[in-house]
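I opened this model to look at its helices. My notes follow.

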Amino acid sequence: MVNEESVFFSRVLTELTLSFHIIYATIGVGVPLMIMIAQWVGIKKNDEHYILLARRWARGFVITVAVGVVTGTAIGMQLSLLWPNFMELAGNIIALPLFMETFAFFFEAIFLGIYLYTWDRFENQKKHLLLLIPVAIGASFSAVFITIVNAFMNAPQGFDVVNGELVNISPLLAMFNPAMPTKVAHVVVTAYMTSAFVLAAIAAFRLLKGSNHIYHKKALFLTMKVGLIFSIATAIIGDFSGKYLAEYQPEKLAAAEWHFETEENAPLILYGILDDGEVKYALEIPFALSILAHFNPTAEVIGLDQFPEDETPPLYIHYLFDIMVTIGMSMVVLSGLYWLGKKLKWSFVDARWYQWLIVLGGPASVLAIEAGWWLAEVGRQPWILRGIMRVEDAATSSPHVDVMLILFAGLYLVLGVGSIVVLSRMFRKNPVEQEIEDRHAEKGGDIL
């Protein structure tokens, strides 16, 4: 028997946990690559500023990893507590990628510990850099395996359904489902992109606050260049995601685009509002939805008229799609202009107003990540396992989920505030200028 109150609070708690965890998880996936790039550039150019970048980013990264471990554990626990019927049905299938995700994390954690405790213990710094490769691989593959679980929930396969149970299970076929390639690629690449823009925002903020040190200028140029590469990659993979949705989850694409009637030559609807079922004030781009869905301007795109009303995702996901796409494309333009401006010596990219835009790009990129995940999860509704189990049938009937929600909200508040305070004090008490002076003394004047 469905307990509607429990279903509601289970939804809210899961959304809260995922929304909080995704911030630390994204940084946890992306920052190791940024550290590796900075250290590699430092070694290649024999530039201690980039080496120092890698050191300082690594210190901050450890704090975010610690919080991410706590929230990741909370997600695993809540899967069993809040969605017991789903775990009973599909637990045997998702156990393999969940186990591999844990293995990938241990792989990352072991080498991260060795990396942190072996600074200055290698005469050849290239050998120390090699320790970052398993760290970056472990971090990225954690995202790969956990995203495979989510992909399976969107495109379940690799089993037979007999008397309401999943039998004849093929774990590998379940893992390599149709949603996996685009979802995994999109999650990993956007993590790299977001991490780059968050670090760029910090560098730009330090410049705005009066620290005109070359260290921050190098950090800004490096992260904006890396952010440009991954924001372009994100846009390309996003296009492939649209084609996946058109073929395998057309109701999600139709809801996200407010595409109500099946038609050829379908236009793309951006922005606007829904007023009593009518779309108003929207930007309509002719043929663009047909191109997005099928790479053909005259192709037919399935609309919501092909689905029962009780299987239609909430239409507010259109706003989430707009937020995600608008921020993503804005970051391509912002980073592209910055890179071009530096190459062509355009002065406006060093202006304070442009640096403020870069600062805003950090939290905006995180917001785009959140909007993307809300779009992915809400767009699967009403299913928890598409076409097989609805959300209300998967939830616990316990009457105490509201108490859990309050307790976990308190935990996330403490973790969020605590991590910000610790990171702020860590870098405020050890400013880059002081650290450069210290290393200058250690190296006998090699650092400017």
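I looked for a bend in α3 and found a kink of about 75°, centred on G91. The bend at a residue is the angle between axes fitted to the seven residues ending there and the seven starting there. Helices here are DSSP runs (H or I, at least four residues), numbered from the N terminus.

The model is predicted, so local features need pLDDT of at least 70 and side-chain atom pairs pLDDT 80 or more, while totals for chains, interfaces and linings use all residues. Residues are numbered from 1 along each chain, and side-chain values use heavy atoms, without hydrogens and water.

Next I checked the span of α3, residues 84–116. Its end C-alpha atoms are only 40 Å apart, whereas a straight helix of 33 residues would span 48 Å at 1.5 Å a residue. The expected span is 1.5 Å times one less than the number of residues.

Which residues of α3 are buried? I noted G91 among them, along with F86, L89, A90 and P97. Buried means under 20% relative accessible area (1.4 Å probe, protein chains only).

Then I turned to helix α1 (residues 4–45) and helix α7 (residues 180–208). They pack at about 75°, with axes 8 Å apart. Axes are lines fitted to C-alpha atoms over the stretch in contact, and angles run from 0 to 180 degrees between N-to-C directions. The two helices are therefore roughly perpendicular (65 to 115 degrees). The contact (heavy atoms within 4.5 Å) includes G30 of α1 and Y192 of α7.

Last, I looked at α2 (residues 48–82) and α14 (residues 401–428). Their axes come within 10 Å and cross at roughly 175°. That makes α2 roughly antiparallel to α14 (over 145 degrees).

Technical notes
Buried means under 20% relative accessible area, exposed over 50%, partly exposed in between (1.4 Å probe, protein chains only). Angles under 35 degrees count as roughly parallel, over 145 as roughly antiparallel, 65 to 115 as roughly perpendicular and the rest as oblique.
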